[in-house]
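Dear colleague,

Please find the structure below, followed by notes on what was found in it.

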Amino acid sequence: MAAAVNDGGQSFKAMAEAAKTIVDDAQSAGLAEAEDVLAGLANVFFRAQPLARQASADTHKRATEGEAAFSNVVARYQTLVEQIPAVVFMAYLDRGIGEAYVSPQIEEMLGFTQEEWLNDPVRWYQQIHPEDKGRWSIEAAQMFLSGEPLRSVYRVIARAGQIIWFHCEAKMVRGDNGEPWFIHGVAFDITELKQAEEALKRREEELRKLTASLLSIQDEERRRIARELHDGTAQNLAGLVMNLSLLMNSPAASAEPAWQRAVSDSLSLAEQCSREVRNMSYLLHPPLLDDLGLASALRSYVAGFSQRTGIRVDLELPSDLGRLAPEVETALFRIVQEGLANVHRHSGSSTAAIRISLGQFDVRLDVEDEGSGSQGQESQTSAVLGVGIPGMRERAQQLGGRMELNSGKEGTKITVSLPLGRLS
């Protein structure tokens, strides 16, 4: 194909047919083929191979008259055009390089003079960034074939080697005979905008990494505090309860009713503190999650939640759930915690449902209620929900998953999908 498209005598129609082959096979065409087509198109556009030689005398006359009229328009508006902070360009498709135009801004933006730019028919293509050439080739060929305007963003390498981002809009104009006549367009330097976008992306990525780190630290701190409460404070309270029970049965307590009442009250308070500490330890991080896995931890948590709140929770788990990767189990458990907390605090629903299902590559969690739906309004997140909903969404995203929230008068449904990770 390269030999065919580089034949200086090949007509635009033949070149368009060659380009159409690339466009039609864009998914499988190689970059080298696309570049050959565009290089050939450049030869047709800029080298002195006028189609007028192949046209009738009338066609040539109309083209000449049209070109003269267009030249007058260019002359009248050239001063205005050269005040625009962008590169304005045009090229006849049936004339040589002498008929092309590029505004002097090309030197300010890319370091090439007008003469240098115009005297090299394919410089514009050679300077396009290698990673953008393939895409640009297909977009340009599509414009030549369809006549639709070209709108593209791509990088150009300046004379000094720096990368300039351009937003380019070009249009192909046909003559009275329907043949392609000339191309005109404008290219805006959007390098600063792209740099700002890249800086924003980097900051977003840094923030995402920081958030992931904070969530990990939070989970680890919860696990540490829960362990200390269970192994330290709870054990001390258990010892206190045992000592108070011994005092209750001592001869001194039997002889002094007031002493017995004081010991009895102290025993009740110690037992209450012991229960609250153990409950707090479990809510911070249930040992079952580490020891037996997500299914056991959820069954225990849901039972305790229903007992504390009076909200009936239906829990559906797949029989083959097994053990998942620790980070997946932790994320799902925390999302269930946050979801049920929102049901309790904001929905007014007396029931909730939790369903976990396994796909081929992911695990899905649904948390539903039949409340007013107010807990699902993300616009009220800051004022009403604190960090509950954003925290759930962030946990899902950190693991490469997603979260969807649908809320209405009939209730709220939170759906979370995470990549399926299992213990090896």
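The largest share of the lining of the largest pocket, eight residues, is supplied by α14. This is a predicted model, in which local features need pLDDT of at least 70 and side-chain atom pairs count only at pLDDT 80 or more, while totals for chains, interfaces and linings use all residues. Residues are numbered from 1 along each chain as its sequence is written, and side-chain values use heavy atoms, with hydrogens and water left out.

A pocket here is an open set of points, on a 1 Å grid over the protein atoms alone, where a 1.4 Å probe fits, with protein on both sides within 12 Å along at least five of seven lines; lining residues have an atom within 4 Å of a point. The largest one has a volume of about 590 Å³, taken as the space filled by probe spheres set on the points, which are joined across faces, edges and corners. Of its 25 lining residues, Arg222, Gln337, Glu338, Ala341 and Arg345 lie nearest the centre. The elements giving two or more residues to this lining are α9 (191–248), α11 (257–284), α13 (294–309), α14 (326–347) and α16 (388–398); helices are DSSP runs of H or I with at least four residues, and strands are runs of E with at least two, numbered from the N terminus.

With best regards
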